[in-house]
Amino acid sequence: MRETAERFRAAVEKRDLCALEDLFTEDIRLYSPVKFRPFEGRPMVLGLFGVLLRVFEDLRYVGHFDGATQTSGDGTEAQASVLPFRATVDGKEIHGIDMLHFDGAGRIKEFTVMVRPRSAVHTLGQAVLAGLQADGLA
């Protein structure tokens, strides 16, 4: 699964949405720090990533951890990778992690994003909402 996580990281750093599409399952679920219900399905998650890649300035991954964890969607244990990152949104420094859960074929089936500090979560939420609205996704 580390290979998928590395491919994900490279695609995000290159801002390559086409490369991300191949890494996601059709029914991927993305849990956001700014929305209670997950974003569901490859088209919606790719649309969200289109917004995120515009909103995040100087996004960089600063680590990688592998393991296993229980998924939220179906409660099964899945291989997982955690990718800590740093970025800036509207002048605010963000610290966060992307937690990727993989299916048996090594594709990303669940994605959880955690961000700090709280003021950055608020700023990120406003920027993402504006982007989703501009793209007709919200």
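Predicted model: local features only at pLDDT ≥ 70, side-chain atom pairs only at ≥ 80, totals over all residues.
Asp 58 is found in strand β3, which spans residues 57–61. With a relative accessibility of 43%, Asp 58 counts as partly exposed. For context, most residues other than glycine have a negative phi, and most peptide bonds are trans.

Arg 15 also has a positive phi, in this case near 60°, and it too is a residue other than glycine. Arg 15 belongs to the loop between α1 (2–14) and α2 (17–21). The relative accessible area of Arg 15 is 38%, so this residue is partly exposed.

The peptide bond between Arg 116 and Pro 117 deserves a mention as well: this bond is cis, with omega about -10°. Pro 117 sits in the loop that runs between β7 (108–116) and α4.

Helix α4 (residues 118–134) in turn packs against helix α3 (residues 42–55). Two packed helices are described by the angle between their axes and the distance between the axes. For α3 and α4 the angle is about 120° and the axes are 9 Å apart. The two helices are therefore oblique to each other, as angles of 65 to 115 degrees would count as roughly perpendicular and those over 145 as roughly antiparallel. The crossing in which α3 passes α4 is right-handed.

On the α3 side, the contact is made by Met 44, Leu 48, Val 51, Leu 52, Arg 54 and Val 55, which meet Leu 124, Ala 127, Val 128, Gly 131 and Leu 132 of α4. Sorted by class, this contact comprises 9 nonpolar residues, 1 polar and 1 charged.

Because Phe 8 lies in helix α1 and Phe 49 in helix α3, the pair ties together parts that are 41 residues apart in sequence. Both Phe 8 and Phe 49 are buried.

Definitions and conventions. Residues numbered from 1 in each chain as written. Heavy atoms only, no water. Axes fitted to C-alpha atoms, helices over the stretch in contact; angles between N-to-C directions. Helix = DSSP H or I, 4+ residues; strand = E, 2+ residues; numbered from the N terminus. Parallel < 35°, antiparallel > 145°, perpendicular 65-115°, else oblique. Left-handed = near helix turned anticlockwise from the far one by under 90°. Contact = heavy atoms within 4.5 Å. Nonpolar A, V, L, I, M, F, W, Y, C, P; charged D, E, K, R; others polar. Buried < 20%, exposed > 50% of the residue type's maximum accessible area, 1.4 Å probe, protein only.
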